[in-house]
Amino acid sequence: MKKILIGGLFLCTGLFSVNSAMAQQNLTILNYSMGLGTGNTGDFISKYSWRGFGFDYRYLSQPHVGVGVNLGWNTFYQEMPKGTYAFETASVTGYQFRYLNSFPITAVVDYYAKPDEMVNPYAGLGLGVEYNVATVDFGIYRFETDGWPFTINPEIGILVKPSNGPAFNVGIKYFYGFKTKDLEADSHLLFNV
């Protein structure tokens, strides 16, 4: 069932990923996002994530410049082996299940190198916030922290726009969320299709 859902999402992403005419003033992208934690996020969950999606909208103020928003949801998950884990003032032995849900909301500016060609490389920078929820399940207990860190996310990618048919986006985003009162700084890479 999971393979069917991923395949359907991939097909929808391909069909609806980018407006077919770059000459228009709007660019809408629906991405299937895969992620890899880095820094503190990689220490908390080192396993590659196949669970995510993103929505991007750009208004093309000039042929080479787009401004807009990025919204998304990525879930990182890892089952830890049986071991002894410390929680505040106690040490407990057992299995641990870790989750991180990240919901970025950023304003973005992109530069498109070749807007009139079929293969159009781009680079962008986003600023905004992420709502992050870090969860640890240990037996019948759940430990959860959340926060709204300020985030910065550079991005590079390629828009492929055939003369007929849907266009496609392939890109890499790096998210860095600054430390908050409740959460450590987090960072992760997203691979978007």
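This is a predicted model: local features need pLDDT of at least 70, side-chain atom pairs count only at pLDDT 80 or more; totals for chains, interfaces and linings use all residues.
Q: How many residues are between E4 and E5 in their hairpin?
A: The hairpin formed by E4 and E5 has 6 residues between its two strands. E5 and E6 also form a hairpin, here with 2 residues between them, and Gly 139 in that turn has a positive phi of about 65°. These two strands, E5 and E6, run antiparallel with 7 bridges joining them, and along them Asp 137 stands opposite Arg 142 in E6.

Q: With which strand does E5 pair over 11 bridges, and in which sense?
A: That partner is E7, and the sense is antiparallel. To follow the pairing in the model, one can look for Leu 125, whose bridge partner in E7 is Pro 154.

Q: Which strands pair with E1?
A: Strand E1, made of residues 26-38, pairs with strand E2, residues 51-62, in the antiparallel sense over 7 bridges, and Thr 28 stands opposite Tyr 57 in E2. E1 also pairs in the antiparallel sense with strand E9, residues 186-192, over 6 bridges, where Met 34 has Phe 191 in E9 as its bridge partner.

Q: How many helices and strands are there in the chain, and in what order do the elements run?
A: The chain contains 2 helices and 9 strands, and read from the N terminus on, its elements run α-β-α-β-β-β-β-β-β-β-β. Of the 193 residues in the chain, buried residues make up 42%.

Q: Why is Thr 41 called buried?
A: The relative accessible area of Thr 41 is 4%, and because buried means under 20%, this residue is counted as buried. Thr 41 is found in helix H2, and a polar atom of its side chain lies 3.0 Å from the backbone nitrogen of Ser 187.

Q: Which elements give two or more residues to the lining of the largest pocket, and which gives the most?
A: The elements that give two or more residues are helix H2 (39-44), strand E3 (65-87), strand E4 (90-112), strand E5 (119-138) and strand E6 (141-147). E5 gives the most, with 4 residues. Sorted by class, the lining of the largest pocket has 10 nonpolar, 7 polar and 8 charged residues.

Q: How many aromatic pairs does the structure hold, and how is the pair of Phe 53 and Trp 73 described?
A: An aromatic pair is read from the distance between ring centres and the angle between ring planes. The structure holds 10 aromatic pairs. Phe 53 and Trp 73 form one that is edge-to-face, with 6.4 Å from centre to centre and 75° between the planes. This pair links distant parts of the chain, since Phe 53 is in strand E2 and Trp 73 in strand E3, 20 residues apart. Phe 53 counts as partly exposed at 37% relative accessibility, and Trp 73, at 37% relative accessibility, counts as partly exposed too.

Q: Why is the pair of Tyr 131 and Trp 148 called tilted?
A: The ring centres of Tyr 131 and Trp 148 are 4.9 Å apart and the planes are at 35°, so the pair is tilted. Because Tyr 131 lies in strand E5 and Trp 148 in the loop between E6 and strand E7 (150-160), the pair ties together parts that are 17 residues apart in sequence. Tyr 131 is partly exposed, with a relative accessible area of 23%, whereas Trp 148 is exposed, with a relative accessible area of 51%.

Q: Which residues form one aromatic cluster?
A: The cluster is formed by Phe 53, Trp 73, Phe 103, Tyr 131 and Trp 148.

How values were computed:
Residues are numbered from 1 along each chain as its sequence is written. Side-chain values use heavy atoms; hydrogens and water are left out. Two strands pair if DSSP finds at least two bridges between them. Ala, Val, Leu, Ile, Met, Phe, Trp, Tyr, Cys and Pro count as nonpolar, Asp, Glu, Lys and Arg as charged, and the others, Gly among them, as polar. Rings of Phe, Tyr and Trp (its six-membered ring) pair if their centres lie within 6.5 Å; planes under 30 degrees apart count as stacked, over 60 as edge-to-face and the rest as tilted. Buried means under 20% relative accessible area, exposed over 50%, partly exposed in between (1.4 Å probe, protein chains only). A polar contact is a pair of N or O atoms within 3.5 Å; within protein, one must be able to donate a hydrogen and the other to accept it, and residues adjacent in sequence count only if both atoms are side-chain atoms.
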